[in-house]
Amino acid sequence: MHSFVQNFPFISIILSLFGGPLSSILGGKKAKYLNIGIIVLIGCLSGAVLGFVYTNGAYVYSMGHFPAPWGNEIRVGVLEAAMAVFFCMIMLLCMLGGIVEREAEVYETKQNLYYIMVNLLLCSLLALIYTNDLFTAYVFVEINTISACGLIMCKQNGRTIEAATRYMIMSLMGSGLFLLGICFLYDLTGHLLMSNIQESVAAISAAGTYHVPLMIALGLMAVGLAIKSALYPFHSWLPDAYGYSTVSSAAILSSLVSKGYIFLLIKIFYRVIGFNVVRESKVINVLFVFGVAGMIMGSLSAIRESNIRRMIAFSSVAQIGYIYMGFGLGTYEAMIASTYHILSHAATKSLLFIAASGLTDASGDETDFFSLTGAGFRNKMAGIAFTVGGLSMVGFPMFSGFISKMLFARAAVLNSGKMMPTLIALAISTILNAIYFLKTVIRLYTPAKTQNLEKDSFRQISVSEQPWKNVALLFFVILNFALGLFSEPIVALIRNGLGMFA
Amino acid sequence: MSFVNLLGNYEEAIAMILFGIGFSNLLLQKNLIRKIIGFNIMDTSMYLFLALKGYVAGRKAPIVVNGVQSVTAYVNPIPSGLVLTGIVVSVSVTALMLSLTVRLYYRYHTLDLDEISAKLKKEGL
């Protein structure tokens, strides 16, 4: 059965791909409207796709009607479509939330260049979500890296250029290892399409041959993508890149860019190598150890940090650690928990970045911890939003972070070998999260000393002064509550989608 | 036995050694230009590896001449296509890295990344 809706994933990728070059000839304002239009349109198209696959099941879309082993393919299931909708939502809110900062920090004549990068980033994210071809995935990984680099350095000062350089160096190492992994896998199987590789890998592992090269290929791809998504020992580029770039970039980078790579890794586990082979490999133990280390070390670094944006950035390291710890548990339940945490972290971290920028606006652009004293009173909406985000990260009930911690704990109990380390790491990490987030929230609601209030920089920001930022924050808060309170259908959706992967 | 295998596949072994050289240069060098050269060595080693894997001894380049259409007459064309794509990617990334290096050099008059970080700290940005 063919339906026009089946063309939508391809149309979405092409739309955002052409949005990039088109923005280069438009002025800043027009490029902005074009970009917002494209994101909304792609969100709607992806919604239609989600509805279609929900009733009709997953389908494969062959590009140019070349049959399977030769042609390039797009594969759409429930999880892919849901991710596309979710990424569009988050991206739209990030773009709206940072509109004022972006227009102040990027040169007037170069505004449109920013939107080229955003369009290309969206295009590469969609391609990573939908593609069924490993080498296509590699190419779009690189496009993703390049456009993310552009987003970091669009605010031109020494810090951001240095951060972009460090980001590029780490990312290039990651993509080098990833490409090497793909080459190994191509040699072993002779295919580049995910479904064909999976058949060959199943045959290889049933015959018991080529075990070592297969594990090397899996390890190289996993480590490559782990470096790119800033798993703990490879996170050195992250705090600068998130801490000093313009707020939309920081929010998009933390919530979407790293998640695109992680989603690709999930696809590789399920659709390329096969989950049973992955589960029996030692590679997941390595991911588990680094994930647990990241959960604790990331939080410790965040506690020591006095710059609020760098603190939020270090908290990302801890949260990425959670996701990799879920991979390391190697059970079906743990994969669901990790996938849910992708959503939860994306919704919360972008909320925190945008709320933090609202709070620093009310404190004379000081990002220092003590300058934020009483900022929650000066900018009410940002204060509330930051509190919601902080509580969600800590894992307070009703918020999305609670559900993901609960799912992780439940998955850990089902895995007898790794139960104790996981539960202990979860407990320690939760306490550490609570220390730095609640410390900040308390600082936000501590009344400032009167001599500080007389400074010009400490000003009251009314709700109507930053309309778009407050709208974005409001939607982020709603999204957080929605993820926290209606987790049942979302988890069912993820379960359904992961089931379609196999 | 495994050593004999290694000697038999010495081309692949060389590709992997080159990969290691490039990777460690990209990771450990302080000078940005040397890092970029390391990156290029790393990528090129991968093209060597791919090209080797597509090559079948005694066969010709996959271009149809004199009407010979048999599959067994030609080497595997797909790795060549992958190498081409890879070259495009690595050229654009190299260009981007070089432009970043130029920016940093104009600002800080050094190519040493650690020295740049130290100067940034002094700037207090």
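This note covers the interface of chain B and chain A, then one glycine of chain A.

1. The model is predicted; local features need pLDDT of at least 70, side-chain atom pairs count only at pLDDT 80 or more, and totals for chains, interfaces and linings use all residues. Residues are numbered from 1 along each chain as written, chains are lettered from A in the order written, and side-chain values use heavy atoms, without hydrogens and water.

2. Chain B gives 34 residues to the contact and chain A gives 30. Contact means heavy atoms within 4.5 Å. About 3200 Å² is buried between the two chains, and carbon and sulfur atoms give 80% of that area. Buried area is the accessible area (1.4 Å probe) that two parts lose on being put together, summed over both.

3. There is 1 salt bridge between chain B and chain A. Asp114(B) pairs with Arg166(A), with the closest N and O atoms 4.0 Å apart. The term requires a side-chain nitrogen of Lys or Arg within 4 Å of a carboxyl oxygen of Asp or Glu.

4. On chain B, α2 (10-28), α3 (32-54), α4 (78-108) and α5 (113-123) each supply at least two residues of the side that touches chain A. The largest share, 14 residues, comes from α4(B). Helices are DSSP runs (H or I, at least four residues), numbered from the N terminus.

5. Gly484(A) sits in helix α21 (residues 467-485) of chain A. Gly484(A) is buried, at 9% relative accessible area; buried means under 20% (1.4 Å probe, protein chains only). Not counting residues up to four places away in sequence, Gly484(A) touches Tyr340(A), Met398(A), Phe399(A), Ser400(A) and Ile403(A).

Key
Buried means under 20% relative accessible area, exposed over 50%, partly exposed in between (1.4 Å probe, protein chains only).
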